[in-house]
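Here's a quick tour of a single protein chain, from the overall numbers down to a couple of residues. Have a look at the model first.

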Amino acid sequence: MVLWRVTLREILTRPARALLTLLSIVIGVATVVSITIATSTTRLAYREMFASVTGRADLEVTADGGGSFPEAVLGQVEAVPGVKAAVPLLQRPTVMHFHGRRAKLMALGIDPARDEAVREYELAEGGFFHGDSGVLLEANFARSMGIAVNDEIKLVTPRGLRLLPVVGLLHARGAGSYYLGGLVFMPIRAAQQAFAARAHVDTVQIVLDDPASHAEATAAVGRQLPTGIRVGRPATQTQLVEQTLKATNHGLLLATCFSLLLATFIILNTFLMNVTERRRQLAILRAIGATRRQVTRLLIAESLAMGAVGTALGILVGLGGARLLTKALDQLLMTSMPSMNVTSLPFVLAVVFGLGISLVGAWVPAR
């Protein structure tokens, strides 16, 4: 008995139902692909920004569990033999306002006298800090926001909005230059005052005389540090990334759950209607000799074929959706997003979801 002709006749007889089933699969798969890629790209953007903070540092001193620690640790680190430079750093997420526009940035409190040991700057316009006042911005970012030297920007801090003059625009070069557009540089004293971290730093970045002596230098520095503070190789500030992206991740996760729930309901309901409305046809098949197993295999084969086509189309739609969602996140997060970070994960999830829900959607009513 050639059962596939029954399936073909059913699709031609009721094309709207077949299209609805296919569309539900496409929506579910596209949602998985687009949101997974957009989330991965957003995380990559912030990790690149935090990685640019590391610069040429061979080691860094941080507090266990994140957070700040007393600046007095800097003197202890500098006294360790083999340490060429120790550079304090205070970093806080903030929002910049300028003439009705705003951008989410990372405020970096640096010591102008020490910082060039870790990061390299090329002045495009203006000058460097005048004492403990003013900020520096990356030139291309500043121009995109319409900011020029001597303009005043507002930064959101725990102590309210701070009005700060832009004293210079930078071209980044050398280590850590890729993502400087997401940073605003301040003198560390001004940053400590603005962000309520007086006499505290988040990191001490260390440049060694001999970069190959990591193990010896780590042990030597570690012996000088108080309890609760550790030294190690520079790493992306994972905890800060998670904190910065928490609201966005929750929003994307919530949108994914609702979309998947809706798509799953549509798929299951469509397959259930499909089997229910075909009860007469399936009964005739049983009456002329088709076994229960053959009828079940027929319905499952239909669902898998529909799932395969829907998954393929959903992946294509999802890639387009990921591009649009990434651009939307660029505006929402007020930062510059890199190219889409496409890995194998969204495609694996798409296949599992597309074929898996289709199989379950047909198998349950088929029983």
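## Ground rules

This is a predicted model, so to speak of local features takes pLDDT of at least 70 and side-chain atom pairs count only at pLDDT 80 or more, while totals for chains, interfaces and linings use all residues. Residues are numbered from 1 along each chain as its sequence is written, and side-chain values use heavy atoms, with hydrogens and water left out.

## The chain overall

The protein chain has 10 helices and 12 strands (DSSP runs numbered from the N terminus: H or I of at least four residues for helices, E of at least two for strands). Of its 367 residues, 47% are buried, meaning under 20% relative accessible area, with exposed over 50% and partly exposed in between (1.4 Å probe, protein chains only).

Take contacts (heavy atoms within 4.5 Å) between residues at least 6 apart in sequence: 81% of them join residues at least 24 apart.

## Thr62

Thr62 sits in strand β1, residues 59-63. Its relative accessibility is 9%, so Thr62 counts as buried. Leaving out residues up to four places away in sequence, Thr62 touches Phe69, Asp202, Thr203, Gly228, Ile229 and Arg230.

## Trp363 in helix α10

Over in helix α10 you'll find Trp363. With a relative accessible area of 41%, Trp363 is partly exposed.
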